Amino acid sequence: MSDPVPSTTDGSGQVASARPPARGRSPRLSDRGLAVAFISPAMLLLLAMSVFPLLWALYLSFTDYSATRGGPANFIGFGNYTAILTSAQVHTRALTTVIYVVGAVGLQTVLGFGIAYLISRRTRGRGVLTTLFLVPMMLSPVVVGLFWRFMLDAQFGVVNSMLGSLGLGQVEWLTRQRTALLSLIVVDTWQWTPFIMLIALAGLTAVPKYLYEAASIDRASEWFKFRTITLPLVWPLLLIAVMFRAIEAFRLFDLVYILTNGGPGVSTETLSFHIYKVAFLGFNTGTASAYGILMVLVVIVLTQLYLRYLNKLKEG
Amino acid sequence: MAVSVDEAVSTGPARDHTPPARRLGGRGRSVLEVTLLTVLAVVMLFPVLWMIETSIKENRDVYAIPAKLFDFKVTLAHYKDVFVDPDGGRSALSVSFLNSVVVAGVSTVLATVLGVPAAWAYSRFAVKAKKDQLFFILSTRFMPPVVVVIPIFLMYRQVGLIDNKLGLILIYAAFNVPFTIWMMKGFVDEVPAEYEDAAMLDGYTRLQAFRRFTLPLLMPGIAATAVFALIFSWNEFVFATFLTSSDSVRTAPPAIAGLIGGTTTDWGLVAAASVVFALPVLVFAYLVRKHLIAGVTLGAVRR
């Protein structure tokens with residue numbers, strides 16, 4: 001960005017008023033020093049709390065270390081990795097995760113964009129509506145998970161109660177294999193639809209009005225306007241939101257932990273949840289680390305795609 | 001500029017120019033749209049209302065079958081249980097709320113102190129491989145918490161930070177620094193660098209120029225960023241549940257989650273605790289609603 005060439009600059013900086021010209025140190029060097037001094041503390045914290053742990057996990061992933069057994073970690077090469085990649089259990093969890101990510105993010109996108117579109121067409125009450133719709137997103141996953149667990153309870157849950165009063169049958173939401181995963185998708189959709197809605201709404205309000213006016217003069221249909229003006233202009237921003245949500249959904253842990261605890265059976269165990277079980281219930285720290293590293297690789301690829309796209313959008 | 005909810009309100013709709021011939025169809029459509037929006041709003045808000053309702057219901061009504069929507073007895077007993085132990089004294093829950101305040105507060109201060117200067121430096125100076133550094137910083141935030149918590153757990157066990165508030169504070173600060181840098185960089189970019197240049201021509205050093213001229217202009221942005229960091233730390237569950245165990249250290253999310261799992265669950269208490277826990281978040285989120293988009297996308301989206 002800007003790199004001004006001031007006549008007087010000094011690294012120490014005590015006296016405020018007029019001072020004699022530069023004291024031999026070049027202003028550029030001083031700027032660089034300042035940049036290093038300002039950036040390195042934050043970087044050090046990240047290196048200590050994010051990078052170092054990951055490197056440690058990388059090391060452990062090549063060993064048979066167990067956090068409870070203690071003892072020395074024996075180097076076993078790629079043993080953990082081949083075990084994980086060939087494990088049918090892991091494949092099941094991967095499939096569950098994919099179903100969950102596609103289902104939840106897909107549903108959120110459709111609903112979120114739909115709500116944003118409806119709100120953007122209103123003249124009055126937009127602020128209030130938007131604020132109300134945003135409430136679920138700000139809640140902690142703990143609160144959301146607990147609360148839906150109560151509402152979806154097969155016996156005294158309000159959802160079944162309502163279904164009953166409509167003359168419909170009772171559903172064992174969280175205790176049947178199929179419906180448990182569906183419940184997870186529904187709850188996640190409830191919480192994160194506002195996220196997509198918020199970003200879609202930003203995109204929709206940014207569409208220049210004259211485009212619609214021009215289309216109206218040409219007697220274009222609403223559908224035509226939507227397809228040729230609204231969608232192409234909002235799509236880039238919407239994609240950002242979708243990618244963001246997909247990364248977050250891929251890492252999902254807390255909601256599963258609270259809502260279903262992975263059950264019934266293993267039907268709602270996502271990859272994150274499975275790692276937790278391997279690490280903290282099975283105590284196979286080495287295996288869990290390898291598992292985690294593989295997941296991190298996927299996340300890195302997804303994040304790179306996301307950031308590249310974001311960057312392209314910002315420059316374009 | 002970040003798109004704000006308020007801005008979204010002020011812009012008029014685009015279809016005021018519908019030709020008269022189609023008005024009638026337009027009105028029918030409009031009614032349909034309003035109905036649809038209302039239904040969706042009710043569905044989205046119902047769980048929240050149900051939570052509030054459950055928190056003030058008498059126990060008998062909480063477990064009523066079919067569920068009682070309107071005619072129930074109001075009680076504040078659950079709220080009392082949140083703060084006061086049955087045998088007098090402070091409840092474990094209220095201690096956990098206090099712990100949450102400390103952990104979220106201190107970690108936010110730490111993230112702000114580390115993140116704001118870094119954001120300023122990234123915005124103002126030609127840092128080597130700046131883009132790569134910024135991307136690296138943001139990508140640390142996307143790491144799956146369950147994966148990170150395994151080595152962190154081992155690391156903390158070595159240095160005695162397990163079941164220690166400082167451990168949580170450090171991890172939350174690390175978790176919020178990337179967000180703070182990205183969010184603040186946007187705010188710093190909006191302050192013209194020329195202000196600092198002018199100050200430096202007047203004889204101030206760059207650091208003084210930053211402190212005296214840029215920093216005051218950044219204050220609203222810093223406040224908004226800190227509020228988001230506060231919300232993230234406050235709501236965090238995974239690290240809290242794996243790195244703490246005793247009642248005196250545990251923060252509110254794992255403490256509230258700990259209310260279930262026994263033979264019976266006191267849902268009235270869970271609801272009251274959830275309301276007490278969520279209320280400050282909603283208030284804070286309302287205060288920073290102008291920056292919500294940038295906030296929830298970790299500072300990545302702002303236009």
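Which domains does the domain assignment of chain B give? In this predicted model, select residues 18-83 of chain B for domain 1 and residues 92-296 for domain 2. The centres of these two domains of chain B, taken over C-alpha atoms, are 32 Å apart.

Next, display the contact between the two domains, to which domain 1 of chain B contributes twelve residues and domain 2 of chain B eleven residues. On the side of domain 1 that touches domain 2, select helix H2 (23-55), helix H3 (59-62) and helix H4 (77-83) of chain B, the elements that give two or more residues each. H4(B) gives the most to this side of domain 1, with five residues. Colouring this side of domain 1 by class shows six nonpolar, four polar and two charged residues.

Now bring chain A into view. The contact between the chains takes 96 residues from chain A and 96 residues from chain B. On the side of chain B that touches chain A, select H2(B), the source of the largest share, eleven residues. By class, this side of chain B comprises 74 nonpolar, 14 polar and eight charged residues.

Finally, turn to the largest nonpolar core, which has 175 residues. Select Leu198(A), Ile199(A), Ala200(A), Ile275(A) and Ala121(B), the residues with the most contacts inside this core. Centre the view on Ala121(B): which residues does Ala121(B) touch, not counting those up to four places away in sequence? In chain A, Ala121(B) touches Leu34(A), Ala35(A), Phe38(A) and Ile39(A), and in chain B it touches Val127(B).

Terms used
Residues are numbered from 1 along each chain as its sequence is written. Chains are lettered from A and ligands numbered from 1 in the order in which they are written. This is a predicted model: local features need pLDDT of at least 70, side-chain atom pairs count only at pLDDT 80 or more; totals for chains, interfaces and linings use all residues. Domain bounds come from an automatic or database domain assignment. Two residues are in contact if their C-beta atoms, placed from the backbone, lie within 7 Å. Helices (H or I, at least four residues) and strands (E, at least two) are DSSP runs, numbered from the N terminus. Ala, Val, Leu, Ile, Met, Phe, Trp, Tyr, Cys and Pro count as nonpolar, Asp, Glu, Lys and Arg as charged, and the others, Gly among them, as polar. A nonpolar core is a set of buried Ala, Val, Leu, Ile, Met, Phe, Trp, Tyr and Cys residues joined through C-beta atoms within 7 Å. A residue is buried if 20 or more other C-beta atoms lie within 10 Å of its own, exposed if 12 or fewer, and partly exposed in between; C-beta atoms are placed from the backbone.
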